[in-house]
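Work through the exercises below with the model open. Try each task before you read its solution.

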Amino acid sequence: MFLSVFDIFKIGIGPSSSHTVGPMRAALLFARALHAQDLLPAVARLQVDLYGSLGATGRGHATDTGVLLGLMGEAPETVDPDAVATRVAAVRHDGSLPLLGTHRIAFDVRRDLAFRGERVLPAHPNAMRLAAFDAGGTALREAEYYSVGGGFVIEQGAAPGGADARPVPPCVFHSGDELIALALARRRSIAALMLARECAWQPAAKVREGLREIWQVMQACVQRGLGLRGAAPQTLPGALRMRRRAPELYRALAQGGAAGADPMAALDWVNAWAMAVNEENAAGGRVVTAPTNGAAGIVPAVLHYYMRFVPGADEEGMVDFLLTAAAIGILYKTNASISGAEVGCQGEVGVACSMAAAGLAAAQGGTPQQVENAAEIGMEHNLGLTCDPVGGMVQIPCVERNAMGAVKAINAARMALRGDGSHYVSLDTVIRTMKQTGEDMKAIYKETSLGGLAVNVVEC
């Protein structure tokens with residue numbers, strides 16, 4: 001499997017890449033398969049069953065919303081976030097659903113979409129089954145999907161496609177050691193290796209255009225989250241009635257005068273940028289999965305820090321940042337996991353922190369060894385981080401946790417750049433340790449809302 005930078009950074013909507021974006025993709029794949037097999041006109045009823053973590057926290061993570069949108073033909077990267085609530089409400093009110101937007105069938109959300117969190121399927125804790133039936137009750141098509149983190153979806157028994165079908169790129173690496181050795185042997189940066197890899201699949205101009213779009217979406221998300229693009233509701237959706245803090249923090253910072261008056265003001269800005277993204281994500285807005293939605297604020301916040309506070313920052317540095325961060329994300333995705341339901345939040349915030357630290361070190365001219373060191377530091381101090389969302393929503397502790405992860409990433413990069421790249425614990429070692437830690441972690445701490453803060457914080 002040869003992953004691209006655009007597999008690691010994907011445009012979608014909140015609140016969750018594994019619980020909203022993945023199920024939306026799976027439902028869309030299922031609906032398109034019905035159309036491709038000329039079965040769509042015969043469909044009279046659908047049944048959707050959500051298992052494991054999808055069933056346990058799916059309501060708070062808007063899994064049902066994602067499924068309905070996918071069945072209606074919407075894709076995460078193109079759906080209009082502002083129209084989602086109205087479209088889903090219409091399905092619930094009318095008791096019918098326009099399958100792929102053209103074939104209307106009866107659909108009772110309470111009957112036809114079941115949350116079965118008590119049952120975990122063996123292949124992955126984020127599992128879902130979809131079945132289509134004709135008017136006589138005969139099954140027309142059944143499929144099982146796994147949302148494996150970061151919006152990635154696997155269909156049980158399906159032929160390989162996407163990343164599995166890409167031609168072999170010129171820069172193949174399977175570990176951090178291989179990546180560093182490749183960079184040293186070719187006397188090229190990690191970003192340059194990633195660009196050469198991407199150019200095996202599309203022209204360099206398209207790669208750069210795609211990276212600029214990713215950065216533009218990140219900036220737009222921050223602006224919306226800070227209240228600079230329209231008036232957002234003061235509270236986030238759900239029973240917690242959690243107040244948005246990023247707009248208030250931004251207003252205080254904007255009125256605070258020169259940043260030099262407070263030597264720690266840069267941290268306040270990083271907090272504001274990270275929380276802006278994750279509050280927007282929690283509200284179902286447009287975000288970039290980086291590498292997940294639950295951790296989507298870290299890379300944009302650190303990249304904003306680079307562009308605003310690092311002397312000489314420019315677009316070329318932004319490109320190097322994203323390409324390098326993606327290389328690190330690929331190592332985690334390939335050798336461990338980026339799914340909170342599989343390894344806890346260390347696989348989301350921890351990975352994003354590691355990616356952002358590497359990206360910042362690269363953008364500031366760090367050597368491949370320093371970049372690898374930054375990535376290692378970023379994860380080492382997130383090992384064991386649990387995923388225990390209160391109320392099954394990506395609000396507590398997720399919003400603040402992104403701010404903390406962004407600050408850790410900046411410090412990791414600074415520590416690495418102060419050294420010569422030599423260090424005792426390798427990135428491969430910390431990735432392997434993260435995977436083992438996740439396997440040993442109890443299921444109640446892996447996006448089930450059955451342990452940790454999720455049970456010790458009283459919901460009001």
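## Exercise 1: a serine in a helix

Task: Is S354 buried or exposed, and what does it touch?

Solution: S354 is buried, because its relative accessible area is 0%. Buried means under 20% relative accessible area, exposed over 50%, and partly exposed in between (1.4 Å probe, protein chains only). S354 lies in helix α15, residues 349-363. Next, leave aside neighbours within four places in sequence: S354 is in contact with I328, Y332, A375, E376, G378, M379 and L427. Contact means heavy atoms within 4.5 Å.

The model is predicted: local features need pLDDT of at least 70, side-chain atom pairs count only at pLDDT 80 or more, and totals for chains, interfaces and linings use all residues. Residues are numbered from 1 along each chain as its sequence is written, and side-chain values use heavy atoms, with hydrogens and water left out.

## Exercise 2: strand β1

Task: Which way do the residues of β1 point, and which strand pairs with β1?

Solution: Start with β1, residues 10-13. K10 and G12 point one way, I11 and I13 the other way, and all are buried. Strands are DSSP runs of E, at least two residues; helices are runs of H or I, at least four; both are numbered from the N terminus. Now find the partner: β1 runs antiparallel to β9 (residues 286-289), joined by four bridges. Pairing takes at least two DSSP bridges. I13 stands opposite R286 in β9.
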